[in-house]
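Please look over the structure below. A short report on selected features follows.

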Amino acid sequence: MIGDAFPPAASRQRAGRTALIWGLWLALVAVPAWPHPWHTSFAEIDWAADGATLEVALRVLPEDLETALTWRSGEAVVLVDTPEVRTLVLAYLAEHFFLRSESGQTLHPDELVGMDLAYDASWLYFTLPAPPEQRLYLHDSLLMDVDSSQTNRAQPLWAAPADTLLFTPAQPELLLWQGH
Amino acid sequence: MRLKFIDFLVLSLFTLASGTVAAATSPATGPEKFAQLEYLLDTPTETRLASGAPGPTYWQQRADYRIDVTLDDRGQRILGSETITYYNQSPHTLRYLWLQLDQNRFRPDSDDMLSRTAPDFAHFPYGSLANLLTRSEFDGGVDIKAVRSEGGDALEHTINKTMLRVELPQPLAAGEQFVFSVDWEHNIIDATETGARGGYEYFEEDENYLYEIAQWYPRMAAYTDYQGWQNKQFLGNGEFTLELGTFDVAITVPADHIVAATGVLQNPKEVLSKKQLSRYEAAQESTEQRFVVTPEEAKKNEGSRTSVAKTWRFRAENVRDFAFASSRKFIWDARMAPSGSREVLAMSFYPNEAEPLWSQYSTPSIAHTIDVYSRYTFEYPYPTAISVNGPVGGMEYPMISFNKPRPYKDGTYWDVRQKPEDKTWERSKYGLISVIIHEVGHNYFPMVVNSDERQWTWMDEGLNTFLQFITEQAWEEEYPSRRGEPEKIVEYMISAPQTPIMTNSESIYQFGNNAYAKPATALNILRESIMGRDLFDYAFQEYARRWKFKRPTPADFFRTMEDASAVDLDWFWRGWFYGTEYVDVAVDNIALYQLDTRDPDVEKPWQKAEKDKLEPTLSEQRNADAETLVQRYPKLRDFYTESDEFSVTPWDYAQFEQLQQSLTDREKALLNADKNFYTVTFSNIGGLVTPLPLRITYADGKVEELQIPAEIWRRNAEQVTKLFITGKEITGIEFDPYRSTADADAANNAWPRKPKTSRFQLFKEKEDPNPMRRGNKEQWEQPIL
């Protein structure tokens, strides 16, 4: 079965700061949704031939990724295929697109194989180490730091099309792989 | 399989080249999916006819506004006073009126703020911190100073969050009008930090503000025949439902500001310099774009600080709303643009920060939009069409729209700096063109076809996004449209949870996909694959014509599309607009039946050939060299040892002759027809019924394309078997070869199956993979810092 929320994440709270954060959130939600929202990403995920690596093709809105990289780096970033930008992208993916294994191990993308950058659909291609014998939870909070209405979908290619995973700010982590 | 003659007689009932083989037991899903909408639609009345047209008793209210507004450039505040003339054109008597106070959404206790659910704080958007701080410090909400009758008496009124109820001194009978005034003030929000539909942008380098002012005055709520007062609270997504009327608006701003607004400028001689006036008048005589305020003049104006004010006066007729923009930073270009037989003054206002992109693409995008949209709807009915660059990402108002994209600070933007061979995402250029097409296109839906946005977002956003796609594709070949092509909606269609398109605007899940992309794609599929362009375009234009300056409901749209085309589309509306299923059709099973002619000279050799096709079994292969008993002892041989089961005997001829004598000439001809009978089974895995566009490949290399209408699913919507009769051998069948149905899984679309390669694998197999380019600096561009 895929689609369960990852249990440990729900318990990570800092009770002492709840009131302050809640107040800030009330302020945030006063911000209207972008008049014409389009904040989604889509990932195709499949096992590599070695059986211990996941290959990911990830489609993002280039301007949203550019905004996220700019915020993260503290200076304006233009999304072009250069070593500098690749480093930024990989670091961003490490924070927002990673696996958590049943044993508690966090597995980050290890190689950005390439990028196809186009206005209507920009794709990032990268790999993740993945122990197939374990249950694996996918954390996909991509671009939720740019817009609170961001939703991300991931399609495990070993599953039926209808079993697409849907990640939201309220549920950024879902079971991806049952384990052998 | 070889058909017996009795089988043939059954098949011969099919007089066409193909037919449908019904399943033995048909689940009820077919009739359900093809059931008429009936109870799902409003009951037709003489106000809204069963044909989808407005009826003889159609009515709608009207509101005229006279507004005086002052823009406080020091305090970023609006101070306004309005006189509203409300015309009760309904057949009902009204005891009170409702107005919308949209700015109250920015109050900390608004329903919008309080009704949002909490996020996962572990992944709190750090990028939104600036938004948080700005909003937490913003003193939002409208301050109603007075509500008075025409005679100056105070009117009782009640504010319920984003709605204001005004008590009428006397009930307002049908056909009567009521004049009253409202004075108000509110602070203007920083739209760069909050993403609002209107607000200001502050430019630190030259200490100037740019204002885009919207939802800024108390506006009449709509009173309708189907809803009564449309006074649902504004929660953020469901935009605006408004009455048409005439606006006379006086906007007082610092004298060095340039103002763009809904309507026609009434006093250009008072607010423009002689040079500006001359250029403004010249622009109205030419289709050649020219500056009214040049970039150099706008740059110089940034340093101006006047204490003098000017009042710009605008008049707009038959509009449902009014918005304006003001800044001393504005460049202003203009030209006349044709829309059918009319000419429209197309204008753009933008700061130098938007250059060089805006002077090249903004006004041409306006002109292109009204040209293309007019062909599919009606001539653009207003005298002006304006695009303003500022902090608002993209928002529409009558005659004026706010559009955000700008080039980078060094003035470069994508599609200019890229090398020709390096196709990349050209963000700013196409982002700008697309958003202008979309926002200017909104003049048609919902500014003129005045649908109820608060209730149905898709009625304007979906229809507008559909025409946006058509307009983008008419801009240039391979325009990178983000919405419209069926394959782009698949990921959303298979996702969960979803809501149907027919969901109230505030309850929609995955808003952009649901209300923009899915209806736009549905209409594109309807046009290209179901109705055809001629029938669709006629019906769509009829809908626009019928409801121009009127307020349609979904039923009016659905009914008109059928009424004007003679195509029963209830199954389509039911599946695409009332449901959340998706298209996934699998080509599951193919069987070949050939006719048993009973002619022994034909059948016996065919039977032998079929047997010869069989590979010997392993035992037969391994025993091939072994001597058998019969070989060792020939005396054991007899008739049956020597006989050939495939040889033709006199008895066979006699049987055939007997058959021939029993057949009519017509039956004999059919028997001699050399035909193959293929049955192909299609499974509807996704649930959403769809036509079956097919490509059939024959052994001789020829290809045939045909489309089976969606009605094939009307009795059994889960699985159907289709018969194809052909004289040739079929070597392949493919469903949806042009990706025209939004089919979710192409891997099961073909027989024989085509292996699906993952996108990752395709990328790795590219001839010129990106990693190779990393070694060649000529292929790079350095980031702009």
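## An open sheet in chain B

The model is predicted. In chain B, 4 strands form an open sheet in the order 7-8-5-12. Their pairing is antiparallel. Strands of a sheet pair through backbone hydrogen bonds, either parallel or antiparallel.

Strand 7 (157–160) and strand 12 (219–220) of chain B are the edge strands. Each has a single partner strand, so one side of each lacks a neighbour in the sheet. Strand 7 of chain B pairs with strand 8 (residues 163–172) of chain B. These two run antiparallel and are joined by 4 bridges. Asn160(B) has Met163(B), in strand 8 of chain B, as its bridge partner.

## Chain B as a whole

Chain B contains 25 helices and 32 strands. It has 785 residues, and 58% of them count as buried.

Consider contacts in chain B between residues at least 6 apart in sequence. Of these, 75% join residues at least 24 apart.

## Two crossing helices in chain A

In chain A, the axes of helix 2 (residues 62–73) and helix 3 (residues 83–96) come within 10 Å. They cross at roughly 90°. Angles of 65 to 115 degrees count as roughly perpendicular, and helix 2 and helix 3 of chain A are therefore roughly perpendicular to each other.

Helix 2 of chain A brings Leu65(A), Ala68(A), Leu69(A), Arg72(A) and Ser73(A) to the contact. Helix 3 of chain A meets them with Leu88(A), Val89(A), Ala91(A), Tyr92(A) and Glu95(A). By type, the residues of this contact are 7 nonpolar, 1 polar and 2 charged.

Conventions:
Residues numbered from 1 in each chain as written. Chains lettered and ligands numbered in written order. Predicted model: local features only at pLDDT ≥ 70, side-chain atom pairs only at ≥ 80, totals over all residues. Heavy atoms only, no water. Axes fitted to C-alpha atoms, helices over the stretch in contact; angles between N-to-C directions. Parallel < 35°, antiparallel > 145°, perpendicular 65-115°, else oblique. Contact = heavy atoms within 4.5 Å. Nonpolar A, V, L, I, M, F, W, Y, C, P; charged D, E, K, R; others polar. Buried < 20%, exposed > 50% of the residue type's maximum accessible area, 1.4 Å probe, protein only. Pairing = 2+ DSSP bridges.
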